[in-house]
Amino acid sequence: MYGPVHRLRLPLLLLALLAASCAPGRTPPAVALALPAIPTAPIVSGADRLVPLPDGPSAFSAIEAELRHAKQSIDLELYEFQRPDLAALLLDAHDRGVAVTAIEDPSERSSRPIWAELEQGGIRVVAFPVERLTIDHVKLLIVDGVEAIVGGINWGTHSPVNHDFDVLATGPVVDNLERVFRQDLALAGQAAPLSPPLADRQIQVLVTHPGEGIRAAALAAIGAAQQSIDIEMFVLSDPLVLDALASAARRGVRVRAILDPTQPQNAAAIAQLQPSGALMRSYVQAGDELLHAKVGIFDRQIVLFGSCNWSRSGFTRNHELDLLVRDATLAGVFLSRLEQDWVLSAP
């Protein structure tokens with residue numbers, strides 16, 4: 001877990017972005033339309049403020065707005081980047097004097113032209129030190145040190161139609177995320193001062209490689225669940241998590257999971273968990289979109305989401321970034337989107 005905390009600002013920009021957060025991608029049937037709407041104000045979670053971004057349109061509306069309004073700094077760490085329009089916004093920010101620093105995964109080949117364009121434009125691009133069979137899978141944008149967008153969405157050409165979960169945040173969590181970014185700069189050989197970590201009671205910032213905090217958080221949340229576990233996941237294959245989910249279902253917890261149909265590991269997860277009583281569905285695609293989400297919701301109170309698939313590589317080899325948020329309102333917003341996908345993916 002990372003700290004510290006010293007700033008809190010809730011700009012009017014957050015309020016302007018809320019209208020964009022109501023675009024679900026497909027028109028769900030009437031039963032799904034009756035689910036709770038996205039809040040009309042930012043979610044107050046302790047000292048933090050969160051705007052849910054539960055789909056591609058809302059996430060990219062927020063990303064574009066943040067890049068256009070940056071005044072001092074932009075810190076970006078991203079696995080996949082193929083969007084020339086967003087690269088142009090970063091170059092525009094650099095040209096108006098904003099300090100732009102980016103961390104790339106040098107092994108992700110499809111993104112190399114964009115990173116090269118940014119470097120040629122004078123932007124500082126640092127390569128994360130990936131090892132064999134590892135990737136830097138983080139998706140993080142920090143603007144002016146006080147606002148952050150974090151979650152599972154890549155900046156790829158296909159990303160807007162995929163299903164992902166992100167948030168736009170202000171408050172202590174942003175300082176915690178900035179500390180992760182600076183640590184990653186240091187891992188890449190770039191000097192970066194680190195402030196001492198300070199706990200945030202509502203939101204934990206969790207990373208893997210270094211560390212295994214995300215799997216530990218997932219197992220703890222599964223083990224503590226009393227009533228329900230709801231999952232929407234691109235890849236669900238980690239043996240420890242599968243065993244824990246089966247045990248939860250057998251002790252009477254309602255376990256539901258929607259999995260992406262394009263990932264072959266998910267068929268084995270469905271076959272393993274259904275006999276325990278878990279309710280399993282394979283996402284039904286409307287087109288060529290992916291169920292790229294990585295979210296678990298526990299007892300409708302706690303949300304674990306971010307870049308990390310619940311796989312052995314995600315938990316142990318890749319560099320991943322998740323948030324563990326103890327907030328029933330955020331859980332309800334994300335669960336509303338999950339419910340839509342559950343209904344649309346009826347067997």
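In the predicted model described here, Val143 has Glu147 of strand E7 as its bridge partner. Residues are numbered from 1 along each chain as its sequence is written. Because the model is predicted, local features require pLDDT of at least 70 and side-chain atom pairs count only at pLDDT 80 or more, whereas totals for chains, interfaces and linings use all residues; side-chain values use heavy atoms, with hydrogens and water left out.

Strand E6 (residues 139-143) runs antiparallel to E7, to which it is joined by four bridges, two strands being taken as paired if DSSP finds at least two bridges between them. Helices (H or I, at least four residues) and strands (E, at least two) are DSSP runs numbered from the N terminus. E6 and E7 form a hairpin with three residues between them, and in the loop between these strands lies Asp144, a residue other than glycine with a positive phi near 55 degrees. At 15% relative accessibility, Asp144 counts as buried, where buried means under 20% relative accessible area, exposed over 50% and partly exposed in between (1.4 Å probe, protein chains only).

Strand E7 (residues 147-151) also pairs with strand E8 (residues 166-170), in the antiparallel sense and over four bridges, with Val150 having Val167 of E8 as its bridge partner. Five of the five residues of E7 are buried, and both of its faces are covered, Glu147, Ile149 and Gly151 lying on one side and Ala148 and Val150 on the other. Helix H6 (residues 172-187) is likewise mostly covered, with 13 of its 16 residues buried. From its first C-alpha to its last, H6 reaches 23 Å, close to the 22 Å expected at 1.5 Å a residue, the expected span being 1.5 Å times one less than the number of residues. H6 is followed by Gly189, whose phi is positive, near 90 degrees.

Seven strands form an open sheet of mixed pairing, in the order E9-E15-E14-E13-E10-E11-E12. Strand E9 (203-208) and strand E12 (279-282) stand at the edges with a single partner strand each, so one side of each is left without a neighbour in the sheet. The twist averages 10 degrees from one strand to the next, with axes taken as lines fitted to C-alpha atoms, for helices over the stretch in contact, and angles running from 0 to 180 degrees between N-to-C directions. Within the sheet, strand E14 (residues 302-306) and strand E15 (residues 320-326) pair in the antiparallel sense over five bridges, and Ile302 has Arg326 in E15 as its bridge partner. Helix H9 (residues 265-273) packs on the sheet, touching strand E10 (228-233), strand E11 (254-259) and E12, and its direction makes about 160 degrees with that of E12; contact here means heavy atoms within 4.5 Å. Helix H11 (residues 328-344) also packs on the sheet, where it touches E10, E11, E12, strand E13 (294-298), E14 and E15, at about 60 degrees to the direction of E11.

The loop between E9 and H7 contains His209 and Pro210, which are joined by a cis peptide bond with omega of about 15 degrees. His209 has a positive phi of about 50 degrees although it is not a glycine, and at 26% relative accessibility it counts as partly exposed.

The axes of helix H7 (residues 213-224) and helix H8 (residues 239-250) come within 9 Å and cross at roughly 10 degrees. The two helices are therefore roughly parallel to each other, a term applied to angles under 35 degrees. Their contact is made by Arg215, Leu219 and Ile222 of H7 and by Leu240, Val241, Ala244, Leu245 and Ala248 of H8.

Methods. Angles under 35 degrees count as roughly parallel, over 145 as roughly antiparallel, 65 to 115 as roughly perpendicular and the rest as oblique.
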